[in-house]
Amino acid sequence: KKRNMKKSVIKGFGYYVPEKVVTNDDLAKLMSTNDEWITERTGIKQRHYRKNINDAEETTAYLGLQASKKAIESAGLTAKDIDYIVFATLSPDYYFPGCGVLLQEMLGCDTIGALDVRNQCSGFVYAMSVADAFIKVGQYKNILVVGAEIHSFGLDFTDRGRGVSVIFGDGAGAIVLSASEDDSVQGILATNMHSEGKYADELCTKFPGTKYGWSVRLKNEPDAIPDEEIYPHMNGNFVFKHAVTRFPETIHEALEKAGKKVEDLDLLIPHQANKRIAQYVQQQLGLPDEKVMVNIEKYGNTTAASIPIALSEAIEEGRMKRGDLVCLSAFGSGFTWGSVLFEY
Ligand code: UT7
């Protein structure tokens, strides 16, 4: 007997970025880079950082909290209505536990489940796919899906790190994904997730991982730990080439699974990694400018937060309306990639 599947729809959304704006010119004071290079290679003009590099208050979970409050309010719900949390980040407050439980406490939710997702730039689409599956089988009704990052605390602001550090920014975004019986909206139609772990070292932060015996080394020989292990490392060209192949693949896969065509798409919201990647994907798919959401110029790459921030802005700007066919798509460290296709 066929089970009566629920539909999962986006009921609320919200985003939050710290107040402090850091322009390309600000970064040029710290390392040898310039506005022209950053703009030309990435499309980024500014990003937001938390006020202080060390701050026990303004943490990743805190940014997630601000975005979550807005998402819950816009859904017309309260924290008590949330019955599960999925929190995606690569920059958690603690090594363990993850940010999910911290958010559960901050929001004052009941003792609901709180799952942490560690899929970096693809974190939000992975998180959404989990929430979607829980809702479709009828396990939960209102799931809070969050993507949040504080990058500014752990970037190498010397010339050695300039290829990575100019790209990333802090921020958070969240949605409430809810079970719906409303016939007028289809909600999530298709998801696909992928990984290729052989490229783990091409985009990674090694510290504080177990492979490198970090705690013993930190205690015994703190100065002997090389910067390459502490700061994020990215083989930029290599990542770029894979990204521009995998993005179109995963988008086509989602459309095919749902029986849709590229022409049916109203909006593509790609992970904001690099404006040139978005342009390349747009060209490959033959989409007009108005059908591709790009806001990287304002926030840089906020990893797991970039899609929910862009999604929230798209709704606020009237670019994403109820009934629209929307595709969220991401590629990043892992390598991991995937898409979520839905009717909003
Ligand atoms: O979000 C997760 C997934 N991430 C991505 O998808 C990122 C993918 N990769 C990229 O977006 C690009 O590869 C970057 C934006 C990271 C780099 O752009 P690129 O066009 O691949 O530049 P490049 O690494 O080939 O560097 C070109 C030159 C080099 O100098 P030489 O060797 O040509 O003399 C770099 O040393 O630019 C130099 N460079 C910089 N110059 C000024 C690297 N970083 C900087 C900088 N400012 N910040």
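**Note on the cavity and the ligand site**

1. S8, V9, I10, L177, G187, I188, R322, F342, E343 and Y344 line the largest cavity. A cavity is a set of points, on a 1 Å grid over the protein atoms alone, where a 1.4 Å probe fits but cannot get out; lining residues have an atom within 4 Å of a point. β1 (7–16), β8 (187–195) and β13 (336–343) each give two or more residues to this lining. The largest share, 3 residues, comes from β1. Strands are DSSP runs of E, at least two residues; helices are runs of H or I, at least four; both are numbered from the N terminus.

2. The model is predicted: local features need pLDDT of at least 70, side-chain atom pairs count only at pLDDT 80 or more, and totals for chains, interfaces and linings use all residues. Residues are numbered from 1 along each chain as its sequence is written, and side-chain values use heavy atoms, with hydrogens and water left out.

3. Now the ligand. The shell around the ligand has 23 residues, and the closest are T33, R41, C121, N274 and N301. A residue is near if one of its heavy atoms lies within 4 Å. α9 gives the most to this shell, 4 residues.

4. Which atom of the ligand is 3.1 Å from a polar backbone atom of G236? It is a nitrogen atom. Polar side-chain atoms of R162 and N237 each lie 3.0 Å from an oxygen atom of the ligand. A polar contact is a pair of N or O atoms within 3.5 Å.

5. V216 sits in helix α7 (residues 214–220).

Key
1 Å grid on protein atoms, 1.4 Å probe; cavity = no way out; pocket = protein on both sides within 12 Å on 5 of 7 lines; lining within 4 Å. Polar contact = N/O pair within 3.5 Å; in protein donor to acceptor, adjacent residues only side chain to side chain.
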